[in-house]
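Hello,

Here is the structure I promised to pass on to you. Have a look at it first, and then read my notes below.

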Amino acid sequence: MPLLINRQPAANDSWTLVNEETLSSTGGDIIVPLALLEANADSLQDRKGRVAVQINGDDNIDALLENPNQYELIAIDFPVFRDGRGFSLARLLKRAGFEGQIRATGDVAHDRLTFMERCGFNAFEISEERYSDESLAVFTEVSVRYQGAADDPRPVYHR
Amino acid sequence: MYQYNEVDQKLVDERVEQYRDQTRRYLAGELPEDEFLALRLMNGLYVQRHAPMLRVAIPYGLMNSAQLRKLAHVARKYDRGYGHFTTRTNLQLNWPKLEEVPDILAELAEVQLHAIQTSGNCIRNTTTDHLAGVNVDEIEDPRPYCEIIRQWSTLHPEFAFLPRKFKIAVTGGPQDRAASQVHDIGLHIVRNEAGDVGFEVLVGGGLGRTPVIGKQIREFLPKEDLLSFLEAIIRVYNLNGRRDNKYKARIKILVQAMGIDKFRELVEAEWAEIRDSELKLPETEISRVQNFFKPFEYDSNAADDAVDTLLAENNDFRVWYERNTVAHKVSGYRVVVVSLKPYLKPAGDMTSEQMEAVADLAESYSFGEIRGTHNQNLVLADVKKSDLLAVWQVLADNNLARPNIGTLADMTVCPGGDFCALANAKTLSVADRINEKFEDLDYLYDLGDIKLNFSGCINACAHHHVGNIGLLGVDKKGEDWYQITLGGRDDEQAALGKVLGKAVSAEEVPNVLEKVLNVYVEHRNEGESFIDTFQRIGLATFKENVNATAH
Ligand code: SF4
């Protein structure tokens, strides 16, 4: 699946998103949904390869916000594009001081990338059929930002 | 009024080009239908019963002559020569072509207009008092805060996919002419004991399927904290509002389910995190925006008695003056309400010619500005009394001077089944029936102020729950029926109407209304309004009498 990191196509991504079935059989660096990660906390400790977490709007992320930098990557899932909770989740992570990659997964495409980037996302997994070279151009379509956000906390009158 | 700077202009221009590209990709089959739907909604484009409908934002109802002329032009060139003013003070075009919408938006951008966030699950056009800045009892002009909210909410990256649409209203003093208590957030400018000006904040009001009066979440919010507090509320809502059922997704449901105290706790906790951030509004920014709304240079020699003789001589003019003009805080001036409720024409509709006539009038007599009201009329807010006759004559020539403001004939009516795909029943033809039945203006004047609000379905676009008389279209086995409620009001004493009885047919509506009005006339005390009488004698008296005389 095409992946953009920092507005560029990323060629060699080492991360694999796993689910309940593929968790034990997947080697290398894995992204594990929060609930699954919590249920398998012990076994994941001895694993070779890095572990990242995936969250969505239904998860309680209070504990994660205490210490987000234990991960170098946190994925936020958009089950459908209308579910806008992920935008706020990204902002909460940034506010908690998270410095790693915030990756958008799920229903991610073109016309939401700028909003996502402004909220703190810097990586986007986009499905094949929704990806085109034009996807790279969207970041500069609308340059005006009235309000502060994760990218720049200053509103327009402070810049 | 606010004037765009380069940044504001750039935003709307870039947005037009972005939408042009989105439309192109959609028409080329590169953008899936449901995704384009979300994008076109965020640009104000719906698909209606017959054609797309484009909703143009009139921020807090304020426009200038050039903008109204442009709307007239757009309606003529791209539509059928008329537009429809809504209760959110926006203008709807009912017949634009999908492929021409980018061109329409480009034309609108030339005069600092756009259609951004007039639909979709985002923060919508903020509304306010149509008498802002010119009424006597105002603490402060609310419009600068509306503009500050407009800028903050426009393309807000976090709040473009809320659980449901989100509406904010701001009032400037103790009187509420913006229905603020039935908004997702209502902001009231108040003065605290220390004499500071700030906001009382209400949350969780709304109409639709579950009508609710907003609850106070904060008694006094300092001005500089306006944006951080709004952001805290909406973040809590975005994270916690229901997304499994669109009928339960508005913030009112969340506040109800959680209870206002728990909700307040969450908001306060979030607010504590962001209160002392860049969201704090500096005094310089508030005064920069306020400078755009400074009072006009009124003529200090304008005579207050300029029309007294005329009023005595010309009965038609006097009647119009009494019904369709309102006191102005400056001596020698008057506020003119342009009635968009002519006899047997859809409420809120306006032809291009009418728009141009009003634009000209504003330019000649009212500092070039026009306002929309949440009752679908327009306002020329600053007319010298000595100019009133001239204004009245032009309005009358253009069928915009029916002296019916505030009366039963000043109905607020949504487009209903003739246009709206969601409607359960037609509204326009039934509104005509009511108008025909109560055509006699003297009778209407005798009845005094009565608000009638008429929605074609439970979405309540015409605010029927808060009409003194509310009409709601319901579908009974494919036929149009109408439920009547009494006792609603949308002012500072907001209340929800109570159901009078079983729904009635279109033919029966005027007769039942007549019975209701008879009960009022019979029971009222000297000078008592319909709503006051209702509150004194209660629904039961109306029920008894209306049902006793049925058949
Ligand atoms: S109230 Fe219903 S019928 Fe009327 S405009 Fe709204 S959605 Fe359409």
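Before the rest, some housekeeping. This is a predicted model, in which local features need pLDDT of at least 70 and side-chain atom pairs count only at pLDDT 80 or more, while totals for chains, interfaces and linings use all residues. Residues are numbered from 1 along each chain as its sequence is written, chains are lettered from A and ligands numbered from 1 in the order in which they are written, and side-chain values use heavy atoms, leaving out hydrogens and water.

Now the overall picture. Chain B has 17 helices and 21 strands, taken as DSSP runs numbered from the N terminus (helices H or I, at least four residues; strands E, at least two). The radius of gyration of chain B, taken over C-alpha atoms, is 23 Å, close to the 24 Å that the globule rule (2.2 Å times the number of residues to the power 0.38) gives for 551 residues, so the chain is as compact as a globular protein of that length.

Next, strand β2 (residues 52–56) of chain B, where five of five residues are buried. B:Pro52, B:Leu54 and B:Val56 cover one side, with B:Met53 and B:Arg55 on the other. β2(B) pairs antiparallel with β1 (residues 45–47) of chain B over three bridges; strands pair if DSSP finds at least two bridges between them. There, B:Val47 stands opposite B:Pro52. Three bridges also join β2(B) to the antiparallel β5 (residues 91–93) of chain B, with B:Arg55 opposite B:Gln92.

Finally, an open sheet of five strands in chain B has the order β6-β7-β8-β9-β10, with mixed pairing. Its edge strands are β6 (127–128) and β10 (215–222) of chain B, each pairing on one side only. Helix α6 (residues 226–240) of chain B packs on this sheet, touching β8 (185–191), β9 (197–203) and β10 of chain B; contact means heavy atoms within 4.5 Å. The direction of α6(B) makes about 150° with that of β10(B), using lines fitted to C-alpha atoms (for helices over the stretch in contact) and angles from 0 to 180 degrees between N-to-C directions.

Best wishes

Methods: Buried means under 20% relative accessible area, exposed over 50%, partly exposed in between (1.4 Å probe, protein chains only).
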